[in-house]
Amino acid sequence: MDKFIIFGGERLTGEVQVSGAKNAVLPLMAACLLARGQSIIHHVPALRDVRTMVRLLEDMGTKASLEDHTVSLDTSMLEKQEAAYDLVRTMRASVLVLGPLLARYGRARVSLPGGCAIGARPINLHLMGLERLGAKIELTGGYIHATCDRLVGNNIRLDMPTVGGTENLMMAAALAKGRTIIENAAREPEIVDLANFINQMGGVISGAGTDLIVIDGVEELQPIEYTVMSDRIEAGTLLAAGVITQGDILVKNCPVEGMHVVLDKLRATGADITVNGKDVRVQMSGPIQAIDIRTQPHPGFPTDMQAQVMALMTIANGRSTISETIFENRFMHVSELRRMGADIICEGSMAVIRGCDFLQSAPVMATDLRASACLVLAGLVAQGATEIRRIYHLDRGYEKIENKLEELGAKIKRVHS
Ligand code: EPZ
């Protein structure tokens, strides 16, 4: 398993490009199942999860090619409507094929995703919504067995604004007979990207980005060529690297529209953040101010940036609090930060961080995707050489992050073992 060695203390300066968004491209790839023929998606990030999604779709009979940030998916010869456990257990987003398979083929056999490091992450709301559209759902042997005649539009009220649930139901409803209204829908920018994708295929979806989405089902959707949005979480992570190293970084091609809360919170740490079109510049000189964070569904502060901001707070002036309201176990990075000298107390979903003067390097272990990013940020400022193990977690969601940071002046290297 690869690891990173980071020699802390370098100030990061320069320009860096944001890659395509993992959490947008995965649902777009699943949505290709809605149309017969070859769809092409550009600006695709080179990530483990993207390769896993390609394998999953190929396993069903999709003809796929992935090269140089473009993926093409031809579902003309699809012969299997299944997502097997060995793939689903490595990537929960596999469950996003459920809605499109039901909508296009009237059947799907998808492994239940099981839990993950950050929480139980059930999919009960996905299944409730699909049943509201007329699907028959049976759970046997760890698999979801779903069948339907043609799905029929209906009103669906979600108990909570689930991102994946909203995406699955939007895709299912796109080919249903009649109108579907999703109330309390998730409002993330990646949902808007998916709605744009389906509308370009010939779908009729309005309200994406709000908590009320209306989908008028159509008879058929066409394959298209599309460019996925950029990754707002990678962008936020790179900006945080500028803050923690007292740097000056221009992060190019950011999806600024979906980043306002994150930019405001980074400003509150004392950073000078200037936006020019899709480019965001972060300049930091002086002490990091302590801030309080409460993660919320979009447009609130994103849970996927929580660990990264905690890294900043470990060396901030004073006491910060972070309340994680989305996932029940998303503080796995705390014990690793403590090994580096951080002063953090956790009480349920609340963490209290008392800023210290510096972090010490130490061997630490990545436990999940964003916890890994947090440890990289901490390593950039820790005194000495920090070793981060199990960085395969990082490779799921960050394209060549070590190259991007190295070009900005970081002393970081990947050690293959
Ligand atoms: C998406 O996960 C993202 N993943 C996550 O990013 C992100 O953290 C999350 O949304 C929240 O923004 C992708 O888009 C591939 P949810 P998802 O359904 O769809 C509960 C990353 O680091 N819930 O909005 O799984 C669930 O337990 C990853 O890039 C139910 O109870 O998130 C959780 O507590 C991590 N029942 C909360 O809702 C359901 O049926 C949010 O889950 C569905 C969800």
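This is a predicted model: local features need pLDDT of at least 70, side-chain atom pairs count only at pLDDT 80 or more; totals for chains, interfaces and linings use all residues.

## A pair of helices to begin with

Now extend the selection to the whole of both helices, residues 232-244 for α8 and residues 260-268 for α9, and look along them: they pack at an angle of about 5 degrees, with their axes 11 Å apart. Angles under 35 degrees count as roughly parallel, and α8 and α9 are therefore roughly parallel to each other.

Next, select helix α1 (residues 22-31) and helix α2 (residues 48-59), whose axes come within 10 Å and cross at roughly 5 degrees. That angle makes α1 roughly parallel to α2. To see the contact itself, show the side chains of K22, V25, L26 and M29 in α1, which meet D49, V50, M53, V54 and L57 in α2. The residues of this contact divide into seven nonpolar and two charged, with no polar residue among them.

While you are in this part of the chain, move to H43, which is found in the loop between β3 (38-42) and α2. Phi of H43 is near 65 degrees, a positive value in a residue other than glycine.

## The two domains

Colour the chain by its domain assignment, which gives domain 1 as 3-19 + 230-415 and domain 2 as 22-227. The C-alpha centres of domain 1 and domain 2 lie 30 Å apart, and the contact takes 27 residues from domain 1 and 22 residues from domain 2. Between them the domains bury about 1900 Å², with 52% of it on carbon and sulfur atoms. On the domain 1 side, select H298, R396 and E399, which lose the most area to domain 2 and together make up 33% of what that side buries.

Stay with H298 for a moment and inspect its backbone, where a cis peptide bond joins H298 and P299, with omega about 15 degrees. P299 has its place in the loop between β18 (292-294) and α10 (306-313).

## Salt bridges

How many salt bridges does the rule find across the interface of domain 1 and domain 2? There are two across that interface, while the structure holds 20 salt bridges. For a closer look at individual pairs, select E190 and R232, which form a salt bridge with the closest N and O atoms 2.8 Å apart.

As a last stop, select K3 and E387, another salt bridge, in which the closest N and O atoms are 3.6 Å apart. K3 lies in strand β1 (residues 3-7) and E387 in strand β23 (residues 385-389), so this pair ties together parts that are 384 residues apart in sequence.

How values were computed: Residues are numbered from 1 along each chain as its sequence is written. Side-chain values use heavy atoms; hydrogens and water are left out. Axes are lines fitted to C-alpha atoms, for helices over the stretch in contact, and angles run from 0 to 180 degrees between N-to-C directions. Helices (H or I, at least four residues) and strands (E, at least two) are DSSP runs, numbered from the N terminus. Angles under 35 degrees count as roughly parallel, over 145 as roughly antiparallel, 65 to 115 as roughly perpendicular and the rest as oblique. Domain bounds come from an automatic or database domain assignment. Contact means heavy atoms within 4.5 Å. Buried area is the accessible area (1.4 Å probe) that two parts lose on being put together, summed over both. A salt bridge is a side-chain nitrogen of Lys or Arg within 4 Å of a carboxyl oxygen of Asp or Glu. Ala, Val, Leu, Ile, Met, Phe, Trp, Tyr, Cys and Pro count as nonpolar, Asp, Glu, Lys and Arg as charged, and the others, Gly among them, as polar.
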